[in-house]
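User: I am new to this structure. Please take me through it in short steps.

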Amino acid sequence: MRLMSNIIKISPQAGKQRLFLASSADIVIYGGAAGSAKTYGLLLGACRHIGVQGYNAVIFRKQLTQIEKPGGLWDTSMVIYPKIGSRAVKGNVFTHYWDQYGSKINMAYLARDDDVTGWMGTQIVQLDFDELTHFSQFVFFYMLSRNRSVCGVPPSVRCT
């Protein structure tokens with residue numbers, strides 16, 4: 001991210017992060033060592049379609065503390081999203097809204113397999129798992145059934 005003539009440019013790092021974000025595959029899994037900007041890549045990818053009416057993304061972590069602790073998912077999102085016009089709301093689900101577009105990005109947790117029942121009936125266009133190995137196979141495959149779209153953006157899944 002750099003400031004150029006009052007224009008903020010937000011872009012992926014060259015290499016794996018750029019390849020992760022450029023993939024047109026339905027499901028993409030991105031691995032790497034701690035500190036390799038995997039979470040940042042998920043956050044960048046989730047805001048790709050914010051100009052589309054009705055677009056939504058959900059980034060899941062296993063525990064609430066992984067979202068809200070210093071340097072976690074929420075803090076990292078607050079470095080990016082307010083600069084591109086989001087209105088942030090922090091509650092049981094951490095949400096960034098883009099009112100003019102009717103788009104939103106949620107950050108939520110699924111601590112137990114039973115937690116998926118709270119997502120029955122939902123449609124998640126961009127389904128993301130930060131640290132996929134922390135989730136059970138059941139959670140992953142159940143949540144795939146929520147990955148659908150009526151806003152014109154093809155549904156996709158991104159995982160680290």
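User: Which strand holds Met107?
Analyst: This is a predicted model, and Met107 belongs to one of its strands. That strand spans residues 103-109. Its label is E7.

User: Is Met107 buried or exposed?
Analyst: The cut-off for buried is under 20% relative accessible area. Met107 has 0% relative accessibility. Met107 therefore counts as buried.

User: Which residues is Met107 in contact with, leaving aside neighbours within four places in sequence?
Analyst: Val93 is one of them. Met107 and Val93 are 14 residues apart in sequence, yet their C-alpha atoms are 5.9 Å apart in space. With that partner included, the contacts of Met107 are Leu43, Ile59, Ile67, Leu73, Trp74, Ser77, Tyr81, Val93, Phe94 and His96.

User: Why is helix H2 largely enclosed by the rest of the structure?
Analyst: Helix H2 covers residues 38-46. Its buried residues are Lys38, Gly41, Leu42, Leu43, Leu44, Gly45 and Ala46.

User: What covers the buried residues of H2?
Analyst: Both helices and strands take part. Strand E7, the one that holds Met107, is among them. The cover includes H1, H4, E4, E7, E8 and E9.

User: How many salt bridges does the count come to?
Analyst: Side chains of opposite charge can pair when their charged atoms come close. Here, Asp130 pairs with Arg61, and Asp115 pairs with Arg112. The count comes to 2 salt bridges.

User: How many residues apart in sequence are the parts that Asp130 and Arg61 tie together?
Analyst: The side chains of Asp130 and Arg61 meet at 3.1 Å, N to O. Asp130 lies in the loop between strand E8 and helix H5, while Arg61 lies in strand E4. The pair therefore ties together parts that are apart in sequence by 69 residues.

User: Are Asp130 and Arg61 buried or exposed?
Analyst: Asp130 has 1% relative accessibility. Arg61 has a relative accessible area of 11%. Buried means under 20%, so Asp130 counts as buried and Arg61 is also buried.

User: In the salt bridge of Asp115 and Arg112, is Arg112 buried or exposed?
Analyst: The closest N and O atoms of this pair are 3.3 Å apart. Asp115 is buried, at 19% relative accessible area. Arg112 has a relative accessible area of 53%, and the cut-off for exposed is over 50%. Arg112 is therefore exposed.

User: Which residues lie nearest the centre of the largest pocket?
Analyst: The largest pocket holds about 220 Å³ of space. Its lining has 15 residues. Nearest its centre lie His49, Gln126, Pro154, Ser156 and Arg158.

User: Which helix and which strand each supply at least two residues of that lining?
Analyst: By class, the lining has 6 nonpolar, 6 polar and 3 charged residues. The helix in question spans 16-22, and the strand spans 156-159. They are helix H1 and strand E9.

User: What pattern does the chain follow along the sequence?
Analyst: The chain has 160 residues, of which 42% count as buried. Its secondary structure comes to 5 helices and 9 strands. Read along the sequence, these follow β-β-α-β-α-β-α-α-β-β-β-β-α-β.

Key:
Residues are numbered from 1 along each chain as its sequence is written. This is a predicted model: local features need pLDDT of at least 70, side-chain atom pairs count only at pLDDT 80 or more; totals for chains, interfaces and linings use all residues. Side-chain values use heavy atoms; hydrogens and water are left out. Helices (H or I, at least four residues) and strands (E, at least two) are DSSP runs, numbered from the N terminus. Buried means under 20% relative accessible area, exposed over 50%, partly exposed in between (1.4 Å probe, protein chains only). A salt bridge is a side-chain nitrogen of Lys or Arg within 4 Å of a carboxyl oxygen of Asp or Glu. On a 1 Å grid over the protein atoms alone, a cavity is a set of points where a 1.4 Å probe fits but cannot get out, and a pocket is an open set with protein on both sides within 12 Å along at least five of seven lines; lining residues have an atom within 4 Å of a point. Grid points are joined across faces, edges and corners, and a volume is the space filled by probe spheres set on the points. Ala, Val, Leu, Ile, Met, Phe, Trp, Tyr, Cys and Pro count as nonpolar, Asp, Glu, Lys and Arg as charged, and the others, Gly among them, as polar. Contact means heavy atoms within 4.5 Å.
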